[in-house]
Amino acid sequence: FADIGGLDPSVSWSGSTAAGDINVDYGIEASAKPTTDISSLPKNIWGKASADVSGWGLSARAEFTGTDFGSAAVDVDAANEDLDLDVHLEASAGDGFSVKSISATKGLDVDGARITIKPTYDVESEDTDVTLNYNKDGTDVEINATLDAQSITISRQIDDENRVAPTLTSAGGISVEWERDLGDDNSLTTTLKPDDSVNLEWKDSAWTANINIPLDGTDITGTDVSIKREVNF
């Protein structure tokens, strides 16, 4: 903590209301650093409208960065519980409306197993990727695939307190995640990437601490620490 000035504390606030059949949520995340420039405090300002129409749950969310209202990141979602289908669209709005990506998630229940298929199309790069997830009896298998790279993660709930999830990639990469349930919604998650890093995430009530330790072989080359607390009022 030699450079305590590098800390960037923030505070978030949100609220909600209704206008007829439309629910409206809104919020702001602002810097908690002392300053005389009030306009520099907001990190992002967002608003969301949602409603149910003919069996579809529809929502649209816009987020502005800081106080720049010239452009906004937009997320549009449509979900149908009867069809077990979710559609998600990411776009930007400013001088015009530009779609960035489109994805759809289809769920299936087969012989006690839960299967989901999620194709995603990136409009800007024209790339497509597919995520396939299979879950049954405490074992979760997730396969991610693009034309250039593939990965598989097998997550197994060993007991009530411990979960282990190794990941293998087509490029030869490997990582292992271990989650330990500490009780009372508290947990410690350790992710090891050999010759790359060790990441620790400790959740303790409203506090979340992340510690990232870069690795070069068996040498530790530095440590990054971040701490966050959720405050509701």
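The side chains of Arg61 and Glu63 meet in a salt bridge, with 2.9 Å from N to O. The model is predicted, and the count of salt bridges in this model comes to 5.

- Arg61 has a relative accessibility of 25% and counts as partly exposed, because partly exposed covers values between under 20% (buried) and over 50% (exposed).

**Asp84 and Arg114**

- A salt bridge links Asp84 with Arg114, and their closest N and O atoms are 2.6 Å apart.
- Asp84 sits in the loop between β5 (72–80) and β6 (85–93), while Arg114 belongs to strand β8 (residues 113–122), so the pair ties together parts that are 30 residues apart in sequence.
- Asp84 is partly exposed, since its relative accessible area is 23%.
- Arg114 is partly exposed as well, with a relative accessible area of 30%.

**Glu179 and Arg163**

- Glu179 and Arg163 form a salt bridge in which the closest N and O atoms are 2.9 Å apart.
- This pair links distant parts of the chain, 16 residues apart: Glu179 is in strand β13 (residues 174–183) and Arg163 is in strand β12 (residues 162–169).
- Buried or partly exposed: which describes Glu179? At 27% relative accessibility, Glu179 counts as partly exposed.
- Arg163, at 16% relative accessibility, counts as buried, because the cut-off for buried is under 20% relative accessible area.

- Asn186 is found in strand β14, which spans residues 186–193.
- The relative accessible area of Asn186 is 14%, so Asn186 is buried.
- Which residues does Asn186 touch, not counting those up to four places away in sequence? They are Arg180, Asp181, Lys203, Asp204 and Ser205.

Notes
Residues are numbered from 1 along each chain as its sequence is written. This is a predicted model: local features need pLDDT of at least 70, side-chain atom pairs count only at pLDDT 80 or more; totals for chains, interfaces and linings use all residues. Side-chain values use heavy atoms; hydrogens and water are left out. A salt bridge is a side-chain nitrogen of Lys or Arg within 4 Å of a carboxyl oxygen of Asp or Glu. Buried means under 20% relative accessible area, exposed over 50%, partly exposed in between (1.4 Å probe, protein chains only). Helices (H or I, at least four residues) and strands (E, at least two) are DSSP runs, numbered from the N terminus. Contact means heavy atoms within 4.5 Å.
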